[in-house]
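User: Hi, I'm new to this one. Could you show it to me and let me ask how you know what you say about it?

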Amino acid sequence: EEDGYDLWLRYRPLEKTAQAQLRARATALVYAGGRGAIGATGEAAVAELRRGLEGMLGAAPALGASVKDGAIVLGTPATLPEAAALDLAPLGKEGYLVRSMRLRGHRVTLIAANSDIGLLYGAFAWLRAASTGAGVDFARELRSAPRLQLRVLNHWDNLNRTVERGYAGESIWNWWALPEIRDRRHVDYGRANASLGINGTVLNNVNSKPDILTAPWIAKAAAVADTLRPYGIKVYLSARFSTPLELGATKTADPLDPAVAAWWRAKADEIYKSIPDFGGFLVKANSEGQPGPQDYKRSHADGANMLAAALAPHQGVVMWRAFVYAHEKPDDRAKQAYDEFKPLDGTFAPNVLVQVKNGAIDFQPREPAHPLFGAMPNTPLMMEFQITKEYLGFATHTAYLGTMYEETLATDMGNGNGTVARILERGAGPKDQPRSLTGMAGVANIGSDRTWSGSHFDQANWYAYGRLAWDPRAGAREIAREWVAQTFSPDPRVTAPVVDLLMMSREAVVNYMTPLGLHHLMGTGHHHGPAPWVDDLGRPDWNPVYYHRAGRDGVGFDRTATGSDAVAQYAPELARRYADPRATPEPLLLWFHHLPWDYRMASGRTLWTELVARYDLGVAQAEDMRGRWLRLKPAIDARRHAEVLMALDKQLLEARWWRDACVAYFQSVSGLPLPAGAPAPE
Ligand code: GCU
């Protein structure tokens with residue numbers, strides 16, 4: 001019975017003809033250089049190929065020494081002289097080449113790379129091809145290298161195993177039992193991430209505690225690092241800026257105080273003794289009550305650079321978050337990160353990345369791309385996406401985020417910068433100079449649930465994130481197709497309809513929650529369900545009314561020159577477009593404009609009528625998704641079909657809840673009658 005634990009690495013038996021074809025191409029497994037040369041990562045590659053072949057064919061060849069027809073050969077230039085002729089240099093350390101070719105007189109499949117981690121990624125690429133059906137056409141050469149250097153998961157996991165914004169059970173980091181007890185699940189976590197090319201993981205919440213940097217916890221983190229190392233995954237920790245002060249080791253946490261800097265240097269040295277390849281620190285500072293350098297009138301750069309200096313001797317990095325806002329500045333929360341960080345461009349140490357959320361508010365179902373992208377040419381910016389669905393219905397609602405990530409990555413930021421994807425890939429500094437650090441972070445949706453992600457479809461978001469971190473130019477639809485083929489079946493009668501369902505899902509959520517650029521209408525604190533009426537929270541910038549600004553006169557947040565002028569943070573061509581309601585894309589209309597209820601939309605309908613129609617459309621789409629899934633019953637294994645159906649049932653209920661609550665609320669404010677044809681609330 002399928003319970004989802006295997007994720008997309010299921011390797012179920014192929015149908016007969018595909019099996020025969022594959023068997024002829026997997027007669028032997030050869031690690032060039034021989035058994036003696038193989039390290040833990042090479043072992044992982046061989047083990048994965050064996051596991052995959054065993055699953056798909058029923059049996060797998062053992063690791064052998066001699067090349068023969070149909071062999072799969074893994075080799076690097078160091079172990080296989082023939083690899084020198086294959087132009088592997090452009091693949092870098094992590095890229096791979098999979099090619100059908102003649103080797104020493106035999107037809108083989110060669111998996112070649114410059115290092116063992118490249119071989120592991122190549123092995124996964126080959127298995128992906130084989131198990132998605134694409135595979136059976138092995139004539140196509142697979143050649144790929146990551147476009148970003150740091151491809152990282154951010155776990156918002158607390159030390160007591162609760163997970164902030166986690167909807168998939170308790171943390172997989174069994175802190176009580178570590179370091180002695182090592183959970184087998186961490187190996188599977190390593191495999192799953194390596195299959196996507198994820199090469200870093202921050203183990204603990206950005207709202208961090210000093211304890212994580214004390215000896216017992218470093219030992220626990222080291223045990224996790226040992227398990228993940230063969231899979232090419234480095235461990236990072238979230239560091240609380242005031243750690244030395246809170247541990248009583250220093251009298252201040254002022255980054256310019258020599259004793260503070262010395263404490264962090266010694267701490268870094270201590271960590272690297274246990275974790276020689278430790279990745280570095282992720283820091284949330286001066287945001288939502290977290291301590292930071294501004295507590296001492298120092299800048300973000302002062303804080304980040306002090307930590308960077310401690311890590312630099314060990315090649316560690318600092319990922320310094322730009323998610324900052326303070327209610328003392330009530331003007332417009334969306335402007336604050338740019339206002340604080342843009343003036344610091346070029347002042348960060350080379351081993352610092354500034355980690356910027358995809359949008360300027362907070363992981364809403366739809367946000368325009370963050371204005372910082374393209375605005376800090378001399379600072380490497382790292383993308384922060386949220387994989388866990390804090391504002392998109394938790395793990396219950398189906399919302400494939402590949403389309404959301406793609407929308408941001410494909411946004412052209414103007415000023416000759418090109419798309420967000422290109423900005424991330426370029427990093428800092430002039431184009432003709434060696435690249436700086438580059439990277440992408442995803443707030444994980446992983447927990448101890450059997451499905452890992454809290455639902456079957458939420459696994460697709462982990463998958464899509466990983467694939468886009470490897471190649472930010474990849475397409476969401478193709479990624480969905482790959483995922484469905486591996487997770488359910490490569491049969492096009494399954495892939496086509498499930499991919500269509502996924503591709504419509506996020507837009508459905510936008511429609512029934514926050515259409516036309518509305519945002520942050522969610523319930524207080526937990527962020528689940530509608531609460532557009534809330535106006536009495538201690539902080540004005542947490543009240544939904546702050547964001548929608550609905551009244552008799554209209555609805556929406558004026559971010560043009562007559563309002564907060566947030567549009568001025570964008571490059572001129574974007575700013576011009578966003579400043580004019582006629583030129584603003586309708587999906588972002590109320591993000592940038594406060595408009596009267598009788599404003600004429602492109603459809604000819606009034607804004608009021610259009611808004612209600614959007615909410616209705618969202619419900620209709622949720623219904624449609626459910627119907628599509630119902631029709632797939634004969635093609636999907638019973639347990640997963642039933643579990644997904646339950647979630648879609650609940651999603652439909654909650655879509656109606658959202659629509660009815662929001663329409664009723666906005667009607668109470670606009671005073672307008674329901675448009676003719678709008679269904680009565682259910
Ligand atoms: C959101 C989220 C918090 C989180 C914060 C962050 O505000 O609700 O739980 O701590 O983002 O990204 O730091």
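User: Where is the place of E390?

Analyst: E390 sits in the loop between β13 (381-386) and α10 (402-409). Helices (H or I, at least four residues) and strands (E, at least two) are DSSP runs, numbered from the N terminus. This is a predicted model, where local features need pLDDT of at least 70, side-chain atom pairs count only at pLDDT 80 or more, and totals for chains, interfaces and linings use all residues. Residues are numbered from 1 along each chain as its sequence is written.

User: Why is E390 called buried?

Analyst: A residue is buried if 20 or more other C-beta atoms, placed from the backbone, lie within 10 Å of its own, exposed if 12 or fewer, and partly exposed in between. E390 has 22 such atoms within 10 Å, so E390 is buried.

User: And why does E288 count as exposed?

Analyst: E288 has 12 C-beta neighbours inside 10 Å, so E288 counts as exposed. E288 lies in the loop between β10 (280-283) and α8 (300-311).

User: Which residues surround the ligand?

Analyst: Among them are E288, D362 and E390, and UniProt, in an unreviewed entry, places the feature "active site" at E288, D362 and E390. UniProt positions are given in the numbering used here, feature names are shortened, and annotations may be inferred rather than shown by experiment.

Technical notes: A residue is near a molecule or strand if its C-beta atom, placed from the backbone, lies within 6 Å of it.
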